[in-house]
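Biologist: I would like to learn how to read a few features of a model. Please take me through them.

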Amino acid sequence: MTVTTVTPTSDVDLYSDESVLAPYDNYRALRSLGSAVWLSRYQVWAMARYAEVYAALHDYETFSSGSGVGLSEELNRVMAGGTIGSDPPDHDRLRRVIGRQLTPKALRQHHDHVQHKAKVLVEELVERGSFDAVPEFAQKFPVSMVPDLLGWPEDETGNLLAWASAGFNALGPMNERTTSGFPVLQGLWEFLDQLATSRNLRPDSWGANLVAAVDSGEVEASKLSVLLGDFLVPSLDTTVSALASAIWLFGHNPEQWRKIRADPSLITAAFNEVVRLETPARGFCRLVTKDHELPDGTTLQAGSRLFLLYAAANRDERVFTDPDAFDVTRHNVASHLAFGHGIHGCVGQGLARLEAHALLRELAARVEHIEVGEATWRRHNTIRGLAALPTTLHT
């Protein structure tokens, strides 16, 4: 008897305004359909279950990043070649150059500086009492940190958030959000090329270390602008998202904030729970290099695109008990996929953690209760994030 496998298919539009603003019902529906679901609207496969996403992240030979990690082939061609859009051995070489500045040991020397800046910002916000947590907290801190570490020219920080946002928007389909960002992206690419040529980077900065890697022959000079962009873009928008979500979640879950205040050692787990529940980047694509059969019989064809939905996997009821709840004492929270996993695990996650932990420590030491008003969420192809969040800190 011949067994016919029915391909799980969905016509859901993950990029509609409705889905972007409230994605979790759609993610749950995709998880229920199968280990991979064909998205007919975009002609790509989507993986929404934890086990399958995890396995794909650890099989770069079958699921390749080398031709780009977005839905749009036009943008994939432009953006391929950096650390996120490459496969070994090129990926390993590029990541080694970037990653040496982001190891736990390398970041340790910045700990006191980051903690001091967190203390100053939190003291200022406590004194003000009420503010918008997105620009005044979530954006302000990383924008004050990253350009300084990278050695970025001081007169070129005004466009950083717009550049980062456009870069992540471009990973989506060729919709209005993507195309409206083209002029912004063009400005970023032109500036990165100019910066790579002028080398106007502060001595002993991370950017200057990239220049040194080029001069030593470790990487080609043509890669310098790409590597500078790889440092800049991922280090801003995702961290902004996580910091704003932390305030929103603690504002809506005061009992969880009380746990943090009573036991600050929970801060590491709490930040993991923030990015599990409100994963900053919904996911990235891969190219299927050879026919691949999944355990439930679904076959992914060579040459097709696969969308790995980190945000859906992080709420998989097969892995996380009561997955839609915010619980800073969750026992397996460190297994989340918010920063990816495997060879493409976010190289800058250590910096994001350093910033978030410092801010949460300072807040926990001073703030008894976080009150939040009505949140406004962003309409963005890739980043799950807040646009505005009225906040009052009670001491």
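Biologist: How many disulfides does the structure hold?

Modeller: First, the ground rules. This is a predicted model, where local features need pLDDT of at least 70, side-chain atom pairs count only at pLDDT 80 or more, and totals for chains, interfaces and linings use all residues. Residues are numbered from 1 along each chain as its sequence is written, and side-chain values use heavy atoms, without hydrogens and water. A disulfide is a pair of cysteine sulfur atoms within 2.5 Å. The structure holds zero. For Cys285, the nearest cysteine sulfur is that of Cys346, 18 Å away.

Biologist: Is Cys285 buried or exposed?

Modeller: Buried means under 20% relative accessible area, exposed over 50%, partly exposed in between (1.4 Å probe, protein chains only). Cys285 has 1%, so it is buried. Cys346 has 25%, so it counts as partly exposed.

Biologist: How many residues of helix H9 are buried?

Modeller: Helices are DSSP runs (H or I, at least four residues), numbered from the N terminus. H9 spans residues 160–169, and eight of its 10 residues are buried. Among them are Leu160, Trp163 and Phe168.

Biologist: How are two packed helices described?

Modeller: By the angle between their axes and the distance between the axes. Axes are lines fitted to C-alpha atoms over the stretch in contact, with angles from 0 to 180 degrees between N-to-C directions. H9 packs on H11 (residues 182–198) at about 110°, with the axes 9 Å apart. H9 is therefore roughly perpendicular to H11, a term for angles of 65 to 115 degrees.

Biologist: Which residues of H9 and H11 meet?

Modeller: Contact means heavy atoms within 4.5 Å. Ala162, Trp163, Ala166 and Gly167 of H9 meet Val184, Leu185, Gly187, Leu188 and Phe191 of H11.

Key. Helix = DSSP H or I, 4+ residues; strand = E, 2+ residues; numbered from the N terminus. Parallel < 35°, antiparallel > 145°, perpendicular 65-115°, else oblique.
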